[in-house]
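Biologist: I would like to learn how to read helix packing and a metal site. Could you walk me through an example?

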Amino acid sequence: MTKRLYYDRPELLEFDSVVASAETVEQSRPAVILRETAFYPTSGGQVHDTGWLTLGGGDRAEDRLRVAEVADAEDGRIVHYLEAPSKLPLAGAAVHGSIDRERRHDHMQQHTGQHVLSAAFIELYQMPTVSFHMGEDYCSIDLAAPSVSSEQIAGAEKRANHVVFENRPVRIRYVSRAEAERLGLRKLPPAERDELRLIEVEDFDVSACGGTHVSSSGQIGSILLRKSERVRQGTRVEFVCGGRAVRMARRDYNALGEAAALFSSQLWDVPDQIRKNVEESKLVRKQKEDALDQLAELMALAALHNQAETNGRKIVVRAFSDRDIGFAKLFAQKVTRAGTPAIALVASSVDPPGLVFAQTSSQTLAQASGGAPGSTADMGALLKQVLSSVGGRGGGSRDFAQGGVPAGSKINVEQLLQQAAGTIGA
Ligand SMILES: [Zn+2]
């Protein structure tokens, strides 16, 4: 088993040790095991350390080995995975370990903050923490509670920060299992070991934990609670501590500040401004839809008026270069529903270009023409026919069909309309 120096000296970031073994493991990953280490392996929700192992005086670049990941092996050894490719040191070689400070300090702030926060949720609302996760940006705890109100979030945040401000000592001690049970720990691990490592935030929280923690609650800096959401095992609460809290607040401020500048408003007025804008754009969209509907109707009536009748129906052929396919469809519907038996062959060349073929119901057309041959056509079949020649896609029913030509292609939709008109004898 590797001796874990961080158990008793979590502040130790530089240490000397001896290589116990070194080998290349799964998928050519160079891995080193030391007799003792201050590197923390991923466990208990806390993420592993990174840093350097230096051989000899470290004068040569190849003697400086980058530790990319640290993991717990099942046999109690700690494995330092090196960045590949690395020269593997020999067993028995003296080595100096250096842990990346900022990363470790951040982890200690987050982890100790989690203890305080979990204890605050118990003290105030009897909500136990069932799991802890430390991510790249934020951390989270899962509470065994079906829901957590925003008042409870604010309450736990206030209480936890109060404990931070009191700067209570955070101590490590070892007790027997029996003693731990008497102490009434917030969290007791499954019965594996006889001796337990306890982390005590003075007169506030005692829990069994193998992680690294700051030595007084003031070093947590601050605890900022973020989003909460329902998860399978209860409610997940996101939080950030210390330096992360400042970074995240800075990022939020920048985003909110930018939004406020766009509205020329104060930060706290942004939600109201957004609500107002959403309402306004809904209204404008509705007005635009109404106006387009009226325009399509007027254009349809004018087109029908100017078109001579053949076989008891009018055929309107129209290609739009300044209106999209949505408007083309609206226009086709207006032409075929205006009370005059009609066929509409309509296109739009606005990207994405498309075609709409529609007719007043084939039954009405047949009646209007007195059953003259060729008075009605199958719009779906007609569309497929003209599109198949240019690689377009589309289809529909006998009375209404819609399709498109490949976007960005140089296909002239007006020519396709002429081709369709020719087919039905317009
Ligand atoms: Zn801990």
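Predicted model: local features only at pLDDT ≥ 70, side-chain atom pairs only at ≥ 80, totals over all residues.

Biologist: How are H1 and H4 oriented to each other?

Modeller: Two packed helices are described by the angle between their axes and the distance between the axes. Here the axes of H1 and helix H4 (residues 242-263) cross at roughly 95° and come within 7 Å. H1 and H4 are therefore roughly perpendicular to each other. On the H1 side, the contact involves Asp106, His107, Gln109 and Gln110, and on the H4 side Gly242, Gly243, Arg244 and Arg247. Sorted by class, this contact has five polar, three charged and no nonpolar residues.

Biologist: At what angle do the axes of H8 and H9 cross?

Modeller: Helix H8 (residues 379-388) and helix H9 (residues 413-423) have axes that cross at roughly 135° and come within 10 Å. That makes H8 oblique to H9. Their crossing is right-handed. Leu382, Gln385, Val386 and Leu387 of H8 meet Leu416, Gln419, Ala420 and Thr423 of H9. Five of the contact residues are nonpolar, three are polar and none is charged.

Biologist: Which residues are the protein donors of the zinc ion?

Modeller: The donors are His111 (NE2), His115 (NE2), Cys209 (SG) and His213 (NE2), at 2.0 to 2.2 Å from the zinc ion. For the geometry, look at the angles among the four donor atoms: they are 96 to 123°, and the site is tetrahedral. The donor spacing in sequence reads H-x3-H-x93-C-x3-H.

Biologist: Why does the pair His115 and Cys209 tie together parts that are 94 residues apart in sequence?

Modeller: Because His115 lies in helix H1 (residues 101-125), whereas Cys209 lies in the loop between strand E13 (205-208) and strand E14 (223-231).

Terms used. Residues numbered from 1 in each chain as written. Heavy atoms only, no water. Axes fitted to C-alpha atoms, helices over the stretch in contact; angles between N-to-C directions. Helix = DSSP H or I, 4+ residues; strand = E, 2+ residues; numbered from the N terminus. Parallel < 35°, antiparallel > 145°, perpendicular 65-115°, else oblique. Left-handed = near helix turned anticlockwise from the far one by under 90°. Contact = heavy atoms within 4.5 Å. Nonpolar A, V, L, I, M, F, W, Y, C, P; charged D, E, K, R; others polar. Donors = N, O, S within 2.8 Å, 3.2 Å for Na, K, Ca; no water. Tetrahedral: all angles 85-135°; square planar, octahedral: opposite > 155°, others 65-115°.
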